[in-house]
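Please find below a colleague's note on side-chain contacts and surface features.

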Amino acid sequence: MRFQNLFAALAALPLLASAANKSKFRDLAEQSKDGIIKLDSALYEELLAPEAIPGGARGRDYAVAVVLTALPVQMQCEPCRKFDPIFREEAASWKRTPKETRDDLFFGVLDFADGQQVFQKLGLQTAPNLQFHSPTTGPHKIPRRQEMITYDFQRNGFELSNLHNWITSLAPHKFEIYKPFNPIPYVVAPMVIAFVLAVALLSYQYLAPLFASRFLWAAMCIVAILVFTSGHMWNRIRGAPYMTQQGFIAPGFSNQFGLETQIVAALYGLLAASVLILSEVIPSIKSSAKQRIAILLWTGVLVFLFSVLVRLFKIKNGGYPFSLLLG
């Protein structure tokens with residue numbers, strides 16, 4: 001009977017050690033406002049490999065999401081400072097999960113200033129680096145899953161939604177992003193609407209003729225047409241730069257710069273204006289001599305502008321087969 005009690009006590013030691021480790025990290029997470037454990041090299045090793053610590057548990061029955069970063073200003077790591085509030089919002093959302101599941105995943109941050117040994121051990125040359133360590137034992141261990149999975153910033157970026165989808169796909173339990181209730185829009189929006197309505201009612205007699213102006217709507221339509229046909233939406237969707245040190249014309253028809261788009265829009269507008277002047281304005285000139293001079297002048301302007309446009313296409317792609325005055 002004594003031997004049985006002794007064996008039972010020995011068998012319970014790993015469980016007690018595991019419970020002690022989790023209790024320690026639970027307390028550290030609870031003390032943090034956003035549930036993130038601030039790590040150093042020793043605590044990082046203890047959190048991820050408790051069996052390496054004297055008296056530690058055999059294996060880890062909880063998951064860990066830890067970001068290795070460099071937040072001090074002197075480190076000049078802009079991506080680190082950009083990602084930090086996003087990671088903290090994700091951790092704060094997990095902290096609001098039920099207590100019975102909260103200990104199955106811990107969030108940690110290891111700054112370079114506190115964990116140079118870990119950075120050197122892992123051979124890290126850049127930051128931030130986000131690691132997800134799956135449980136190595138216990139009910140949440142998934143067979144054949146890689147123990148450490150690294151977040152791909154190049155592919156997923158710094159969006160909270162992408163980070164959340166990645167974390168929840170690996171976490172032991174699903175959870176939602178917590179968004180605190182913000183009453184300001186519900187107060188400000190009615191006030192803004194009421195103010196706009198009041199201004200509209202008081203200025204109706206002055207604004208009504210303006211909104212009824214055919215010239216105003218025609219000008220707005222022309223501007224919209226020029227903006228959309230010149231590639232403005234493509235720039236907005238792709239995030240094209242305004243220009244580069246190499247120039248303001250992007251090579252190839254599948255690329256373009258912001259300044260290049262504005263130049264094309266201006267050329268389209270001037271070409272359209274030239275056609276309107278030739279077709280609508282010049283015929284109303286009563287003097288035949290002035291009319292002839294105007295026709296020659298604006299025809300020359302039209303041909304020159306079109307030559308510039310074709311030349312621009314030629315610069316973008318040397319294989320463009322057409323040319324006019326500018327070769």
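The points that follow concern a predicted model and take up charged pairs, cysteines, aromatic rings and a surface patch in turn.

1. Arg88 and Asp34. Arg88 belongs to helix α3 (residues 78-95), whereas Asp34 is in the loop between α1 (2-31) and β1 (36-39), so the pair ties together parts that are 54 residues apart in sequence. With a relative accessibility of 27%, Arg88 is classed as partly exposed. Asp34, at 14%, is classed as buried, because buried means under 20% relative accessible area.

2. Glu89 and Lys179. Glu89 is located in helix α3 and Lys179 in the loop between α7 (160-170) and α8, so the contact ties together parts that are 90 residues apart in sequence. Glu89 is partly exposed at 28% relative accessibility, while Lys179 is exposed at 57%.

3. Cysteines. How many disulfides does the structure hold? The count comes to one disulfide, formed by Cys77 and Cys80, with their sulfur atoms 2.1 Å apart. The torsion about the S-S bond is about 65°, so this disulfide is right-handed. Cys77 and Cys80 are both buried. Cys221, by contrast, is partly exposed, with a relative accessibility of 44%.

4. Aromatic rings. A pair of aromatic rings is described by the distance of the centres and the angle of the planes. There are 13 aromatic pairs in the structure. Ring pairs connect Phe83, Phe87, Phe107, Phe132, Tyr151, Phe153, Phe158 and Trp166 into a cluster.

5. Charges over rings. Two arginine-tyrosine contacts deserve mention here. The charged end of Arg96 sits over the ring of Tyr178, at 3.7 Å from the ring centre. For Arg60, whose charged end sits over the ring of Tyr62, the distance to the centre is 6.0 Å. A reader applying a distance criterion may wish to note that the cut-off used for such contacts is 6 Å.

6. Nonpolar surface patch. Which residues form a nonpolar patch on the surface? They are Phe181, Ile184, Tyr186, Val187, Val188, Met191, Val192, Phe195, Val196 and Val199, which together have about 1,100 Å² of accessible area. Val196, one of these residues, is placed in helix α8 (residues 184-202). Its relative accessible area is 47%, so Val196 is partly exposed.

Technical notes
Residues are numbered from 1 along each chain as its sequence is written. This is a predicted model: local features need pLDDT of at least 70, side-chain atom pairs count only at pLDDT 80 or more; totals for chains, interfaces and linings use all residues. Side-chain values use heavy atoms; hydrogens and water are left out. Rings of Phe, Tyr and Trp (its six-membered ring) pair if their centres lie within 6.5 Å; planes under 30 degrees apart count as stacked, over 60 as edge-to-face and the rest as tilted. A charge sits over a ring if NZ of Lys or CZ of Arg is within 6 Å of the ring centre and within 35 degrees of the ring normal. A disulfide is a pair of cysteine sulfur atoms within 2.5 Å. Buried means under 20% relative accessible area, exposed over 50%, partly exposed in between (1.4 Å probe, protein chains only). Patches are made of residues with over 30% relative accessible area and no salt bridge: like charges are joined within 9 Å, nonpolar side chains (Val, Leu, Ile, Met, Phe, Trp, Tyr) within 5 Å. Accessible areas come from the Shrake-Rupley method with a 1.4 Å probe; for residues, only the protein chains shown count as cover. A salt bridge is a side-chain nitrogen of Lys or Arg within 4 Å of a carboxyl oxygen of Asp or Glu. Helices (H or I, at least four residues) and strands (E, at least two) are DSSP runs, numbered from the N terminus.
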